[in-house]
Amino acid sequence: MLLAYVAYLFFQLKTHRQLFEPQEIEGGDEEEEEAVLGFGSALFWLILMTIIIAVLSEYVVGTIEPTSQSWGLSVSFISIILLPIVGNAAEHAGAVIFALKNKLDITLGVALGSATQISMFVVPLSVLVAWIMGIQMDLDFKLLETGSLFISVLVTAFTLQDGTSHYLKGVLLLLCYIVIGAC
């Protein structure tokens with residue numbers, strides 16, 4: 001999976017870059033947005049926010065089990081459903097803002113890029129790091145997890161295949177998420 005992710009990055013960033021560049025709209029006089037931050041200040045803020053997020057993430061991980069006991073929710077539900085919603089709130093907000101500006105390519109890039117990165121890079125890397133640390137972890141998903149992933153990919157593909165969006169598609173995707181959460 002890690003090799004597939006590296007191949008995907010090479011494909012997207014090097015050999016087929018033109019496929020992933022925004023499409024120009026004919027006759028559209030779209031204003032170029034001016035950068036608010038320079039490279040140096042953006043790098044500073046990125047490093048600072050990464051450090052803050054690392055500290056906060058460590059705190060959150062330490063509170064999952066006590067929260068699970070006090071709220072009466074399973075650790076799996078908190079880890080798989082609640083934490084991704086809260087942890088990716090800024091990413092979700094950005095995707096919604098781009099969708100409202102009718103920039104569907106950026107919206108899909110944010111949403112699907114994150115999912116691809118987690119599934120193809122973070123999960124396998126976590127398994128390798130766990131093996132190095134002597135912690136038993138594998139990619140042996142149960143039938144429910146595998147089926148949920150399969151159905152999610154199918155629903156997402158069918159939803160996006162015609163290149164249009166409307167509220168019904170969003171409702172269907174949210175309902176799929178709710179069903180997976182209920183499982």
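Visitor: What are the helix and strand percentages over residues 41-61, and how far apart are the end C-alpha atoms?

Guide: Residues 41-61 are 100% helix and 0% strand, with the end C-alpha atoms 30 Å apart. Helices (H or I, at least four residues) and strands (E, at least two) are DSSP runs, numbered from the N terminus. This is a predicted model, in which local features need pLDDT of at least 70 and side-chain atom pairs count only at pLDDT 80 or more, while totals for chains, interfaces and linings use all residues. Residues are numbered from 1 along each chain as its sequence is written, and side-chain values use heavy atoms, with hydrogens and water left out.

Visitor: Which residues does the annotation "transmembrane region" cover?

Guide: The unreviewed UniProt entry places this annotation on residues 41-61, 73-100 and 106-131. UniProt positions follow the numbering used here, feature names are shortened, and annotations may be inferred rather than shown by experiment. In the model, residues 106-131 are 100% helix and 0% strand, and their end C-alpha atoms lie 36 Å apart. The protein as a whole has seven helices and zero strands.

Visitor: Why is Leu128 called partly exposed?

Guide: Buried means under 20% relative accessible area, exposed over 50%, and partly exposed in between (1.4 Å probe, protein chains only). Leu128 has a relative accessible area of 36%, and is therefore partly exposed. This residue is found in helix H5 (residues 104-133). A nonpolar surface patch of about 780 Å² includes Leu128, among other residues such as Phe121 and Trp131.

Visitor: Why does Ser148 count as buried?

Guide: The relative accessibility of Ser148 is 16%, which is under 20%, so the residue counts as buried. Ser148 lies in helix H6 (residues 143-160), and a polar atom of its side chain is 2.8 Å from the backbone oxygen of Leu144. Of the 183 residues of the protein, 9% count as buried.

Definitions and conventions. Patches are made of residues with over 30% relative accessible area and no salt bridge: like charges are joined within 9 Å, nonpolar side chains (Val, Leu, Ile, Met, Phe, Trp, Tyr) within 5 Å. Accessible areas come from the Shrake-Rupley method with a 1.4 Å probe; for residues, only the protein chains shown count as cover. A salt bridge is a side-chain nitrogen of Lys or Arg within 4 Å of a carboxyl oxygen of Asp or Glu. A polar contact is a pair of N or O atoms within 3.5 Å; within protein, one must be able to donate a hydrogen and the other to accept it, and residues adjacent in sequence count only if both atoms are side-chain atoms.
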